[in-house]
Amino acid sequence: MAETRCADALTLEAPTVEDGAELWRLTREVGTLDLNSAYHYLLWCRDFAATSVVARLDGRVCGFVTGYVRPDVPDTLMVWQVAVSDHARGRGIAARMLGDLLERRAPYGQVFVEATVTPDNTASMALFTAFGRDRAMPVSRCDLFTADQFPGGGHEPEVLFRIGPLASLAG
């Protein structure tokens with residue numbers, strides 16, 4: 001798969017199995033995402049590479065977006081996790097990864113993007129809201145899972161963001 005090079009030496013490309021451990025480490029370091037097992041990230045990089053993207057700055061993984069196509073709604077790309085390392089924040093990397101991923105997925109018919117966000121995750125709320133706004137795409141929000149649906153307590157509700165249809169990927 002072709003890679004995208006940006007002026008600031010940022011490389012965006014589909015992840016490989018070799019990236020799985022780095023995605024796990026980055027998720028752990030960021031600390032705001034649900035940390036899945038290392039095995040999960042290895043499988044994700046193997047089985048969902050085409051619907052995910054990894055960012056490298058000077059050759060080191062500095063961010064990723066994991067996603068999948070919803071089996072029952074094939075025009076929708078569900079974004080599972082978005083992470084950017086502390087040293088790479090403030091450069092618009094999350095939005096660039098999301099834009100790169102959507103550009104790669106457009107030929108496969110994904111015209112909507114979904115993601116869930118907890119109410120306290122203001123960075124993700126801002127990312128998805130701005131992403132839709134900057135591309136003149138509608139952004140809707142609704143409650144998807146309530147806190148009491150999560151076992152064990154302590155998990156916030158998840159708000160579903162739905163962006164699209166993708167009229168234009170320019171921006």
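Guide: Valine 139 is partly exposed, because its relative accessibility is 32%, and the cut-offs are under 20% for buried and over 50% for exposed. Keep in mind that this is a predicted model. Valine 139 sits in strand E7, which covers residues 139-145.

Now look at what touches valine 139. Leave aside neighbours within four places in sequence. The contacts are then Phe128, Thr129, Gly132, Phe161, Arg162 and Ile163. Helix H4 covers residues 122-134. Strand E8 covers 158-163. Valine 139 and glutamate 13 are 126 residues apart in sequence, and their C-alpha atoms are 26 Å apart in space.

Most residues other than glycine have a negative phi. Alanine 136 counts as exposed because its relative accessibility is 68%.

Helix H4 comes next. Alanine 126 has its place there. Alanine 126 is partly exposed, because its relative accessibility is 45%. Alanine 126 and glutamate 22 are 104 residues apart in sequence, with 25 Å between their C-alpha atoms.

Go back to Ile163, one of the contacts of valine 139. Ile163 also touches valine 111. Valine 111 is in the loop between H3 and strand E6, which spans 112-117. Here 52 residues separate valine 111 from isoleucine 163 in sequence, and the C-alpha distance is 8.6 Å. Beyond four places in sequence, valine 111 also touches Asp75, Gly164, Pro165 and Leu166. Valine 111 is partly exposed, as its relative accessible area is 29%.

Glycine 164 and proline 165 are joined by a cis peptide bond, with omega about 10°. Most peptide bonds are trans. Proline 165 belongs to the segment after strand E8.

A relative accessible area of 26% makes arginine 96 partly exposed.

Next, find a buried residue for contrast. Threonine 66 is in strand E4, residues 60-69. Threonine 66 counts as buried because its relative accessibility is 1%. Not counting residues up to four places away in sequence, it touches Leu23, Trp44, Thr51, Ser52, Met78, Val79, Trp80 and Gln81.

Aspartate 58 is exposed, because its relative accessible area is 66%. Its phi is positive, about 55°, although the residue is not a glycine.

Now zoom out. The chain has four helices and eight strands. From the N terminus, the order is β-β-α-α-β-β-β-α-β-α-β-β. A compact globule with 171 residues would have a radius of gyration near 16 Å, and the value of 15 Å for the chain agrees. The C-alpha trace spans about 45 × 35 × 30 Å along its principal axes.

Buried residues make up 44% of the 171 residues. Among contacts with a separation of 6 or more, 63% join residues 24 or more positions apart.

How far can you trust the picture? The chain averages a pLDDT of 91, and 93% of the residues score at least 70. Confidence is highest in helix H2 (residues 38-47), at a mean of 98. Confidence is lowest in strand E1 (residues 4-5), at a mean of 52. Where pLDDT is low, the predicted coordinates should not be read in detail.

How values were computed. Residues are numbered from 1 along each chain as its sequence is written. This is a predicted model: local features need pLDDT of at least 70, side-chain atom pairs count only at pLDDT 80 or more; totals for chains, interfaces and linings use all residues. Side-chain values use heavy atoms; hydrogens and water are left out. Helices (H or I, at least four residues) and strands (E, at least two) are DSSP runs, numbered from the N terminus. The radius of gyration is taken over C-alpha atoms; the globule rule is 2.2 Å times the number of residues to the power 0.38. Buried means under 20% relative accessible area, exposed over 50%, partly exposed in between (1.4 Å probe, protein chains only). Contact means heavy atoms within 4.5 Å. pLDDT is the predictor's confidence in each residue, from 0 to 100.
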